[in-house]
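Please look over the structure shown below before reading on. The report begins with the domains and then turns to the ligand.

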Amino acid sequence: MHIPARDQKFTLTIDGLPVEGATTFDVTNPATGQVLAAAPQCSTDQLDEAVAAARTAFPAWAALPVERRRQYLRTMADTIDTHTEMLADLVVQEQGKPRGVARTEVAGLGYWLRATAGITVLDTVNQDDEERRSVTRQVPLGVVAAITPWNYPLGQASFKLGPALLAGNTVVLKPSAFTPLANLKLGEILRDVLPPGVLNVITGTGGLGSRITSHPGFDKISFTGSTPTGRSVMAGAATTMARVTLELGGNDAAIVLPDVHVKQAAAQLFWAAFANTGQICLATKRLYVHADVYDDMARELADLAATVTVGDPGQDEDVELGPVSNLRQYRTVLDLLHDCRDHGYAFLSGGLPDPETAGYFIRPTLVDNPPDSARIVREEQFGPVLPLLKYTDTADAIARANDSEYGLGASVWGTDTEAAHRVAQRLQAGTVWVNESMHLHPHVPFGGHKQSGIGVESGLAGVLAFTNTQTLTVKHTQPQA
Ligand code: NAD
């Protein structure tokens, strides 16, 4: 059932209780540009209270048998599943994605929690003989700050909550101020599921994020967002030496080899670049196409771009792409489009939107072979604009793909999968796919090389990232002579 966000009440979750914000801030629907709801602004004192609640809850949570925490994760997933429509509806309103995609995002949160509940961290026995027993084990860190971006308001939380809680930590979750609503409701529906203080949800504008990263009460900052903000997070955490995991920006290259099946690959590459209106860290953001197939690939992609439905997902269930998710990002993408136009790069589809249109809509835009120095090639667009880049020599395409400060994901496309695999091995990125893109799994770690991040999320490694390593050594006493 659709309940307009403005008719709902949103509160922080601190110590298992609803807490009004000190003030409120406006949340905007990107499909209309209109204010959608007021969200609670967490004050400095309330941040301290959330940290204190998490610190108080930590010893008992960490002391639970891990089987008990697994059960909590499964109950969280069951509870989320019973609220799919309510949460998806909020994601549609605040983020702007199609309803079906929002439902999948909510379902993914439950799926990730259940799958994470099945991960086991084993002790290592280093030595066990008559002299000593030495065992290395993983212990929880303490209180984790989970800071997330607006592209998948709940999806991004799923990479952090399960692993952090399973490992025995307590959490303060801070979603983006552009998309706070679904996370606030998540906190609300989990209040009776988890012990008080184990999961706190706070929202706010104006430096709440930086107050978190330099707060002495956190043992770990698990951050997903842009590379520039990631640098600030790392600097902030330096004061306390809180551990950091940084999942940052990307500028993923896809290399299309000359033996590719153009039509099949185009259908996948279109969504690799434009799903979620291009606002995916692992979206294809530069497409290197061999000259032999460049024109065919460009034509196929342009046909798809011309026919895909773009609109307000709150009004039409069937739209395939929604607006850019907020005014700041809309301006970033417009700036890149203006730069393309000013340099005379041709658009094969889309282009600058009609300024009279309400909402932050940009149709999928293909840029025809701009130079490697173009901003649309060098910078992360994080929106529905894709540069197509022609190459003739595979080694040259690999070098151009690797010529980036980013190294999040990459993909290679061709019918000779052995040859494609050889190309994939030479790409500098945390995940490289052949003939697919963006396939993630809760048991498979992902993370960025270079300035796309530090550390990984998901899988066993993603759980270990929420632990300290501890070696316990017992020297056996010799029997008295
Ligand atoms: P952002 O860096 O602006 O914000 C991310 C989060 O950090 C938000 O919650 C924000 O409020 C908070 N924040 C802002 N300033 C802060 C500070 N100084 N200290 C601490 N927190 C602060 O990013 P965004 O615009 O929300 O998201 C888009 C970016 O995120 C893109 O670059 C995208 O590639 C990246 N991203 C990366 C991944 C990944 O897994 N690598 C996933 C999704 C998005």
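## Domains

Which domains does the domain assignment of the protein chain give? In this predicted model, the assignment gives domain 1 (5-248 + 452-470) and domain 2 (252-434). Taken over C-alpha atoms, the centres of domain 1 and domain 2 are separated by 31 Å, and the contact takes 21 residues from domain 1 and 27 residues from domain 2.

Between domain 1 and domain 2 an area of about 2000 Å² is buried, with carbon and sulfur atoms giving 52% of it. On the domain 1 side, the residues that lose the most area to domain 2 are Ala31, Trp150 and Ser452, which together account for 28% of what that side buries.

## Position of the ligand

Domain 1 (5-248 + 452-470) and domain 2 (252-434) both contribute residues to the shell around the ligand, and therefore the ligand lies between them. Of the 29 residues around the ligand, Thr148, Thr229, Leu248, Arg328 and Glu380 come nearest. By class, the shell consists of 11 nonpolar, 14 polar and 4 charged residues.

## Polar contacts and burial

Thr229 places a polar side-chain atom 2.7 Å from an oxygen atom of the ligand, and a polar side-chain atom of Arg328 likewise lies 2.7 Å from an oxygen atom of the ligand. From Gly225, a backbone N or O atom lies 3.2 Å from an oxygen atom of the ligand. The ligand exposes 850 Å² when taken alone, and the protein buries 88% of that. Helix H7 (208-213), strand S10 (220-224) and helix H8 (227-238) are the elements that give two or more residues to the shell around the ligand.

Methods: Residues are numbered from 1 along each chain as its sequence is written. This is a predicted model: local features need pLDDT of at least 70, side-chain atom pairs count only at pLDDT 80 or more; totals for chains, interfaces and linings use all residues. Side-chain values use heavy atoms; hydrogens and water are left out. A residue is near a molecule or strand if one of its heavy atoms lies within 4 Å of it. A polar contact is a pair of N or O atoms within 3.5 Å; within protein, one must be able to donate a hydrogen and the other to accept it, and residues adjacent in sequence count only if both atoms are side-chain atoms. Accessible areas come from the Shrake-Rupley method with a 1.4 Å probe; for residues, only the protein chains shown count as cover. Helices (H or I, at least four residues) and strands (E, at least two) are DSSP runs, numbered from the N terminus. Ala, Val, Leu, Ile, Met, Phe, Trp, Tyr, Cys and Pro count as nonpolar, Asp, Glu, Lys and Arg as charged, and the others, Gly among them, as polar. Domain bounds come from an automatic or database domain assignment. Contact means heavy atoms within 4.5 Å. Buried area is the accessible area (1.4 Å probe) that two parts lose on being put together, summed over both.
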